[in-house]
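Reader: I'm new to this one. Can we go through a few details together?
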Amino acid sequence: MKLVQDGKFEVVANAAGDRVTPAIVAYHDMEVVTGLAAKQGMIRHAANTIQNVLRVVGTTEDEGQGQPCGGSGSGGMCRPNWEGGQARYSVQRGDKTVQVTADEVITHIFSLLKEIAIAHTSEPELPVVICVPAWSSENTVAVVKKAAKKATFNVQATVSQPAAAVLAYGLADDNKQNAYVVVLHCGGTTVVGSVVEIAGGLLTLKESITSSSVAGDSLTNVLVQHFAKEFYTKYKGDPLENRRSRRKLYNASENCKHVLSTMNTSQVYVESLWEGVDFSTTLSRARFDGLVAGTLTAFLQLAREAVQRSGLTEAQISKVILSGGSAKIPRLQQLVGDAFSKADLLCSLPPDEVLAAGASMEAALLLGQSTHASVASSLVPALATSIFCKILGSESNECVFSRGTPTHSRQMLSQALPTPAPANCTVVIYEAEELVEDPQEEAVLTQIDVTNLTQDSKLLRLDFHLKSDGSLHVVLQETHAKINRTFIIESGRS
C-alpha cells in the first residue's frame, strides 16, 4: 500500500515493519487474525486459514473450481464451497462450525489495510484507488469495491494491474508517440503476461494471459523438493509425509527464495523438521538458478505468447515492466532482457511495489482534479487514425495526436517556417497511420493558406483541441505578422 501526502509518495509498513502485507485471514476461537500473524500461525491453524480469496470472490462454482487455493505449503487449508451460489468457507470456531463468505474474508483484509493507513496519516477520510488483477471479472471488482467501502475506505476508482504498472513508470505522459509495453506480473499463485498499447495518453490492454500452473509458489515448490531430497539423503526420513513438517519446509524454502533475490547465498535452518531432527543447509544463487531454470522459462513464455496473440513481434515492444515479488529474481530479469533485447527493461522500482505505485499515481491524478466522477464504463471515444501537421516547403511535419488518443485532448506545436521566411505558406493537416511526406488527397483534413508573413517570421504556433464530439478545433498564431486564426474540422471530415 502506498500513500500520497503533500505530493509525496510513500510505501507504508505494517506493524511488523514489513512493506508487503500477506492477504491471509485465520479464524480462531475468539478472534479473527489477518496478515502476517495469520501467515505465521498457518502451521497450527491451517484448517481455519484462508488465502487467495480474490480468486473466488464474485465467481460461480464453475468459475471458481479451477482456481488455485495455494501452493504445496497450503495442505489442509480451508477450501471454498459454493452453497447458495456464493463462495463460502467452513471454519471451526470453538465447538461450532461457522460458514463465512468470501466477501467477509476480503473485508477483513481491507480492515487491516485501513489500520495500517491510519497509523501513517491524520486525514479523516481515506480516498483510495484499488489495483485489481487483469483477469478480474466485473463481479469480482464490484465485490472488492464493496468490501473496501465496508472498511470505510472512500473508493475513487479501480485500475487493472497492467495499467498500474505503466502508470508507475509514467509512460502514459507522451501524447505523440504510440508504444507497446509488455507487463510481466509474477505473483505467488499466478503469472500474468500482458501487452499494453499507449496512444495519446490512453492505455489499451491488447492481450493478457494468466497462468496458475506456474507462479511464485512453483519456485518455492522446487526448493521444497530439493531440500526434502537432501534431508532424506542425510537422515533417511521424509519431511513431506506430514502437513506440519511440509509447512515448515515450505516456509523455509520461501524465505530462501527471497534471500537469494538479493544475496549470493542463503542459509536454511528448520528446527525439529522431522521426528525432532533439525535441518541446516546452504544454497547458492547459482544452484538456485539451475533448479528453477525451467520454471523461469515458463514465466517468460507467457509474455512471449501475449505478444504473439497481439499480432506483434518482440522487436515492436519498446518497454518491458516487471512486477510482483518473484520478479525480483536476477536470473528472471536477465532472461526477460535477453528475450526483448530491443526494449527497455524497467525494474528500477522494487517489483513488489510497482502496482501500489501505479495505483497511487492514479489516486494523485484523480484527487488533483477539482471534480471527478466514477466512470461506469471503460469505453472511451478515441481516434482511429493518427493526425499530422505539415508546412509545405519546409521540414516541419509532426504528429499532433497518435492513434488511440481519447477525445477532449489538447496539443500545442511550434513549427518552423522555411528559410528565408516566405510571404505566404500552406499548412496541411492530414490523417495517416504514420508520418508521410506527400499525403494522399483523401487523407487531407484541411489545408490552410497563411499570408502576409514578414521576414522576422520564424515559427507558426498551432493549438489543437480534440473535442468530445470528435471535432478538432485549431488556433494558428504568428506573433510578428500578428496572425491569429481559428478554424474547426468537423467530426467525420476526411
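Reader: Which residue forms a salt bridge with R309?
Author: This is a predicted model. In it, R309 pairs with E305, and the closest N and O atoms are 2.7 Å apart.
Reader: Where do R309 and E305 sit relative to each other?
Author: Both are in helix α9, four residues apart, so about one helical turn separates them.
Reader: And R309, buried or exposed?
Author: R309 counts as exposed, at 51% relative accessibility. E305 is partly exposed, with a relative accessible area of 25%.
Reader: How many salt bridges are there?
Author: The count is ten. One of them joins K319 and D344, with the closest N and O atoms 2.9 Å apart. K319 belongs to strand β16 and D344 to strand β17, so this pair ties together parts 25 residues apart in sequence.
Reader: What about K206, which residue does its side chain meet?
Author: The side chain of K206 meets that of E197 in a salt bridge, at 3.9 Å from N to O. K206 is partly exposed at 35% relative accessibility, whereas E197 is buried at 5%.
Reader: Back to α9. At what angle does it pack with α10?
Author: The angle is about 35°, and the axes are 10 Å apart. The crossing is right-handed.
Reader: Which residues meet there?
Author: On the α9 side they include L296, F299 and L300; on the α10 side, L332, L335 and V336 are among them.
Reader: New topic. Which residues form a nonpolar patch on the surface?
Author: V4, F9 and M361 do, with about 210 Å² of accessible area together. F9 lies in strand β2 and is partly exposed, at 35% relative accessible area.

Note on methods: Residues numbered from 1 in each chain as written. Predicted model: local features only at pLDDT ≥ 70, side-chain atom pairs only at ≥ 80, totals over all residues. Heavy atoms only, no water. Patch = residues over 30% accessible without salt bridge, like charges linked within 9 Å, V, L, I, M, F, W, Y side chains within 5 Å. Areas by Shrake-Rupley, 256 points an atom, 1.4 Å probe, with all protein chains shown as cover. Salt bridge = Lys/Arg side-chain N within 4 Å of Asp/Glu carboxyl O. Helix = DSSP H or I, 4+ residues; strand = E, 2+ residues; numbered from the N terminus. Buried < 20%, exposed > 50% of the residue type's maximum accessible area, 1.4 Å probe, protein only. Axes fitted to C-alpha atoms, helices over the stretch in contact; angles between N-to-C directions. Left-handed = near helix turned anticlockwise from the far one by under 90°. Contact = heavy atoms within 4.5 Å.
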